[in-house]
Amino acid sequence: MKPLSLTMQAFGTYISQQTVDFTLLGDNGLYLVTGLTGAGKTTIFDAISYALFGEASGRGRTGMMLRSVSAPLTLKTVVTLRFTYKAATYEVTRQLEFLRPKKRGEGFTREPGDASMIMPTGQVVTGQKEVTNEVMSLLGLDREQFSQIIMLAQGDFLRFLLSDTKEKSVILRNIFETAYLQRFQDRLKDQKRALEKNLDIAKQSFFQYADGVHL
C-alpha cells in the first residue's frame, strides 16, 4: 500500500482542514515522518490508521480522544486517505462520532460516525464495519498487524520482532500472499503421512510373511 494524500479536519492536533501530499515525496517506497515533539507526527499515523480501520495507530487513543479539542463544536471530524494498492487507487473517508450543539434549544446531540470507500471501479462501499472489512480483505492485515509492520510508529516494529514465530508467519504470509504455498506444503505433509502409513503396513506384512518362512 502506498499513500497518495491524507486530508484531516478537526482531527488530533489539526483543527482546520490540512492535506499531506505524499506524492511530493516521489516514488520511493519508504517515508520517514520526523519533527519535534508535539509537531503532529503521531496524529498523521493515527489519521492513516483511523481512515483504514476506524482506530488509532496506538493503544490508548480511542473514540472522542481523536477529535481536536480546539475545533469549533460544529466542525465535523473527517479524515480522507487516498492510496494505491497493486496499481489501483482507493479513497477512504471516515467521519468520527462527536457531540455538537443542538440546532434547536440547548444542549448537545450526538452526530453519528460514518465511513465510505471508493473502489477503483467507482463502486462505493459505505458503513463503518463494511469499510473496515473491505480494507482488511484488500490488505490482508488488521489494524494491529498494519501498525506493527507497515506503519512503524515510534518503535512499534519491535513488537513485531518480539512476537512469536507463529504470529510472524501469519503476518508475513498475508503480506506476501504466500498462503497457496502453505496449502501446497500442507498437502505434501498429508501425502508424506499417507505414504509413511502405507510403508508401515507393508513392513508389518513383510515381517509376518518372513516369520512364517522355515528353511
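Biologist: Where is the place of Gly 26?

Modeller: This is a predicted model, and in it Gly 26 sits in the loop between β2 (18–21) and α1. Gly 26 is partly exposed, at a relative accessible area of 28%. Setting aside residues up to four places away in sequence, Gly 26 touches Lys 2 and Tyr 31.

Biologist: How many helices and strands are there in the protein chain?

Modeller: The protein chain has 6 helices and 8 strands. Read from the N terminus on, the elements follow the order β-β-α-β-β-β-β-β-β-α-α-α-α-α.

Biologist: What share of the 215 residues in the protein chain do buried residues make up?

Modeller: Buried residues account for 33% of the 215 residues. A residue counts as buried when its relative accessible area is under 20%. Contacts can be read along the sequence as well. Of the contacts with a separation of 6 or more, 53% are between residues 24 or more positions apart.

Biologist: How should I read a nonpolar core, and which residues have the most contacts inside the largest one?

Modeller: The general idea is that in soluble globular proteins, nonpolar side chains tend to be buried together. Here the largest nonpolar core has 32 residues, and Leu 6, Leu 52, Phe 83 and Met 117 are those with the most contacts inside it. At least two residues of this core come from each of β1 (2–9), α1 (41–53), β3 (78–85), β4 (88–95), β7 (114–118) and α2 (128–139). The element that gives the most to this core is α1, with 7 residues.

Biologist: Which residues does Phe 83 touch, not counting residues up to four places away in sequence?

Modeller: Phe 83 touches Met 1, Lys 2, Pro 3, Leu 4, Leu 52, Ala 88, Thr 89, Tyr 90, Val 92, Met 117 and Leu 138. Two of these names, Leu 52 and Met 117, also stand in the list of core residues with the most contacts.

Biologist: Is Thr 43 buried or exposed?

Modeller: Thr 43 is buried, with a relative accessible area of 10%. Its place is in helix α1. Leaving out neighbours within four places in sequence, Thr 43 is in contact with Met 8, Phe 11, Gly 12, Thr 13 and Tyr 14.

Biologist: What is the count of salt bridges?

Modeller: The count comes to 7 salt bridges. One of them joins Glu 55 and Arg 143, with the closest N and O atoms 4.0 Å apart. Glu 55 lies in the loop between α1 and β3 and Arg 143 in helix α3 (residues 143–149), so the pair ties together parts that are 88 residues apart in sequence. Glu 55 is partly exposed at 42% relative accessibility, whereas Arg 143 is buried at 11%. Glu 55, Arg 143 and Glu 144 are linked in a network of salt bridges.

Biologist: Which residue forms a salt bridge with Glu 97?

Modeller: Arg 110 does, and the closest N and O atoms of Arg 110 and Glu 97 are 2.8 Å apart. Arg 110 is in strand β6 (residues 108–111) and Glu 97 in the loop between β4 and β5 (98–101), so this pair ties together parts 13 residues apart in sequence. Arg 110 is partly exposed at 48% relative accessibility, and Glu 97 is partly exposed at 35%.

Biologist: Where do Arg 100 and Glu 111 lie?

Modeller: Arg 100 is in strand β5 and Glu 111 in strand β6, 11 residues apart. Their side chains meet in a salt bridge of 2.6 Å, N to O. Glu 111 is buried, with a relative accessible area of 15%.

Notes: Residues numbered from 1 in each chain as written. Predicted model: local features only at pLDDT ≥ 70, side-chain atom pairs only at ≥ 80, totals over all residues. Heavy atoms only, no water. Core = buried A, V, L, I, M, F, W, Y, C linked by side-chain atoms within 4.5 Å. Buried < 20%, exposed > 50% of the residue type's maximum accessible area, 1.4 Å probe, protein only. Helix = DSSP H or I, 4+ residues; strand = E, 2+ residues; numbered from the N terminus. Contact = heavy atoms within 4.5 Å.
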